[in-house]
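Hi,

Here is the structure I said I would pass on.

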Amino acid sequence: MIPRVSKAGRSFKGIVLYMSHDQKAATSDRLGFVDFLNLPVLASSDKVRDMERAGAIMAWTAMHQTELKQLHHHQTTPTKPFRQPGRALERPVYSFSLRFDPGDAPKVDDALLRKAAHGALKTLGMQNCQAIILQHLDSQPSHVHVIACRVDPKTGQTVNTQRDFYKLSLFAQKFSREHGLRILTTRELNNELRRQGQIAKYDEIP
């Protein structure tokens, strides 16, 4: 399994539009299952519309980060004055993908993709964040993308994503061993270099 982290973004609408349609087309044939995490969206037959609604909710959460912080503060420490936070989060959109080696195709089903996505979010400390988990069918085997809001909807706090690729790489290493997927020796060497504070390349499938 190979994790790929995208650069943090500003627009939920933009990334949802890109992920919910085929590349350079208005169709959505490559879209497989779509799941919602910590989002009040009931899945329907119109998956694209569902994703648009989820994206709008995540944008609202990011926009109202200060209010969420204030509400959480009053609920948890009502006797202490609330201190206004600093600058608003400029790039609340966080996304990553999980891809698999073609040789692992017989083992990669919807259940495995979902398990991998949820495990990756927990590894990043984002299990309480609002997220869209979606499958793309334009690869063999299919792969999964996750779009998440970096603002915790309950506390208003920004999730720390430092060293996110290292965390995901360690998760992928463990997950691959547990599920009998292809083992990347380069990944294990790279992770040891990262543990020692040295620079390592991205984990690639040769």
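**Helix 3 to begin with**

Helix 3 (residues 65–76) has 12 residues, so at 1.5 Å a residue it should span 16 Å, and its end C-alpha atoms are 17 Å apart, which agrees. Keep in mind that this is a predicted model. Gln 65, Leu 68, Lys 69 and His 73 are the buried residues of helix 3. Looking down the axis of helix 3, they fall within an arc of 135°, so they line one face of the helix. What they pack against is helix 2 (47–63).

**The cores**

The largest nonpolar core has 28 residues, and Met 1, Phe 96, Leu 98, Phe 100, Leu 121 and Met 126 have the most contacts inside it. Several elements supply at least two residues each, including strand 3 (93–99), strand 5 (143–149) and helix 5 (164–178). Helix 4 gives the largest share, with 6 residues. Another core lies apart from this one; it has 21 residues, among them Ile 15, Met 51, Leu 68 and Ile 132.

Back to Met 1: leaving out residues up to four places away in sequence, its contacts include Leu 98, Phe 100, Phe 171 and Arg 187.

**Strand 4**

Strand 4 runs antiparallel to strand 2, joined by 5 bridges, with Leu 31 opposite His 136. Strand 4 also pairs with strand 5, again antiparallel, over 6 bridges; there Gln 135 has Val 144 as its bridge partner. A hairpin of 6 residues connects strand 4 to strand 5.

Cheers

Notes: Residues are numbered from 1 along each chain as its sequence is written. This is a predicted model: local features need pLDDT of at least 70, side-chain atom pairs count only at pLDDT 80 or more; totals for chains, interfaces and linings use all residues. Side-chain values use heavy atoms; hydrogens and water are left out. Helices (H or I, at least four residues) and strands (E, at least two) are DSSP runs, numbered from the N terminus. The expected span of a helix is 1.5 Å times one less than its number of residues. Buried means under 20% relative accessible area, exposed over 50%, partly exposed in between (1.4 Å probe, protein chains only). The arc is that of the directions from the helix axis to the C-beta atoms. Contact means heavy atoms within 4.5 Å. A nonpolar core is a set of buried Ala, Val, Leu, Ile, Met, Phe, Trp, Tyr and Cys residues joined through side-chain atoms within 4.5 Å. Two strands pair if DSSP finds at least two bridges between them.
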